[in-house]
Amino acid sequence: MIRLFQAALAFVGLLALSACADESASEGVPVTGEINIYSSRHYDTDLALYEDFTKATGIKVNRIEADADALIERIAAEGEFSPADLLITVDAGRLWRAEEAGILSPVDSKILEERIPANLRDPQKRWFALSTRARIIIYNKAKGKPAGLDTYEGLADPALKGRICMRSSSSVYNIALLSSMIVHDGPEKAGAWAKGVVANFARPPQGNDMSNIEAVAAGECDISLVNTYYLARFDTPDKRKVLDAIGIIFPNQASTGTHVNMSGAGVVKTAPNRANAILFLEYLSSESAQKYLANGNNEYPAAKGVAPTSAVEALGTFKADPLGAAEIGKNEARAVELYNAARWN
Ligand code: FE
């Protein structure tokens, strides 16, 4: 019986080889069993998505949740015996670190290539974005739009002295942003920018995007940088007052485009359930799953032609910086050094 199964597997393997560059799991090979997901996304709404997948396919979804870097290390340490099939994470830098750690393997899927735009997937097919978010400037509306402020670079203008509040530079959102500025402006200018912004702080870095939105709305400071999905969270009847007090600027529209970061997923090199992992990845790129992901956390769906929530749409359209994850990832260590030199805690 086992022999027969092995022979069948070898036959399927041969078929896959001869079919060559497409592993799209929906090509007809029946799938059963389970899938082990290592995820650093921690949104309750993701759980319903997993249940929906199980209902549709019969494949059981097992999850391990932890910080992305811990998951990457764990998969590397588990080596060929790792039960991990799919790594799901947030942040371009971490996707790049997963690439660098050699734990992901390329996936040839026409479905994924059709649905996910080229700049939102690894050119070597090791990961695919699931959703994106933009890092934008917010300001206190009552105090008026800061004159001439339409770029990240402009936040270092001495005219803004004492008006900016920010979260810590240890946030991956801030690290990825400075990394993109190193690529666009060069390390010297990027370092000078960090110093210039620090000189404009209204208070030492603190809190998270949510608390900085509240601080700007309350007039504790005038300007901050936050992710779009946090702002959209205030688009509810009870929090609407905060949102109404805030003006937004999509930075760098006349130059590099607004910095975006992403969440994404890749199939683990040693995946014991590779076909299931690919099927799940394709499922996550489907219109319904993309809508669900986007609605759950107010992110921009990565797949083409899928609209974000009305709260996100209300923020307006913008030109996004198309910078790839590798360029952002490679410069993150430098970004951390520059933040430290600028004493942006
Ligand atoms: Fe976040």
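This is a predicted model: local features need pLDDT of at least 70, side-chain atom pairs count only at pLDDT 80 or more; totals for chains, interfaces and linings use all residues.
Local features need pLDDT of at least 70 and side-chain atom pairs count only at pLDDT 80 or more, while totals for chains, interfaces and linings use all residues. Residues are numbered from 1 along each chain as its sequence is written, and side-chain values use heavy atoms, with hydrogens and water left out.

The structure holds 22 salt bridges, counted when a side-chain nitrogen of Lys or Arg is within 4 Å of a carboxyl oxygen of Asp or Glu. One of them joins Asp67 and Arg94 at 3.9 Å, N to O. This pair links distant parts of the chain, 27 residues apart. Arg94 is buried at 14% relative accessible area, whereas Asp67 is partly exposed at 43% (buried means under 20%, exposed over 50%, partly exposed in between, with a 1.4 Å probe and protein chains only). Both residues belong to a salt-bridge network that also takes in Asp69, Arg97 and Glu332.

Lys125 and Asp108 pair up too, with their closest N and O atoms 2.7 Å apart. Here the partners sit 17 residues apart in the chain. Lys125 is partly exposed at 26%, and so is Asp108 at 23%.

As for the pocket, 19 residues line it, with Thr132, Tyr300, Pro301, Phe318 and Ala320 nearest its centre. (A pocket is an open set of points on a 1 Å grid over the protein atoms alone, where a 1.4 Å probe fits, with protein on both sides within 12 Å along at least five of seven lines; lining residues have an atom within 4 Å of a point.) Domain 1 (2–132 + 262–313) and domain 2 (134–259 + 317–342) both contribute to the lining, so the second largest pocket lies between them; the bounds come from an automatic or database domain assignment.

Conventions:
Helices (H or I, at least four residues) and strands (E, at least two) are DSSP runs, numbered from the N terminus.
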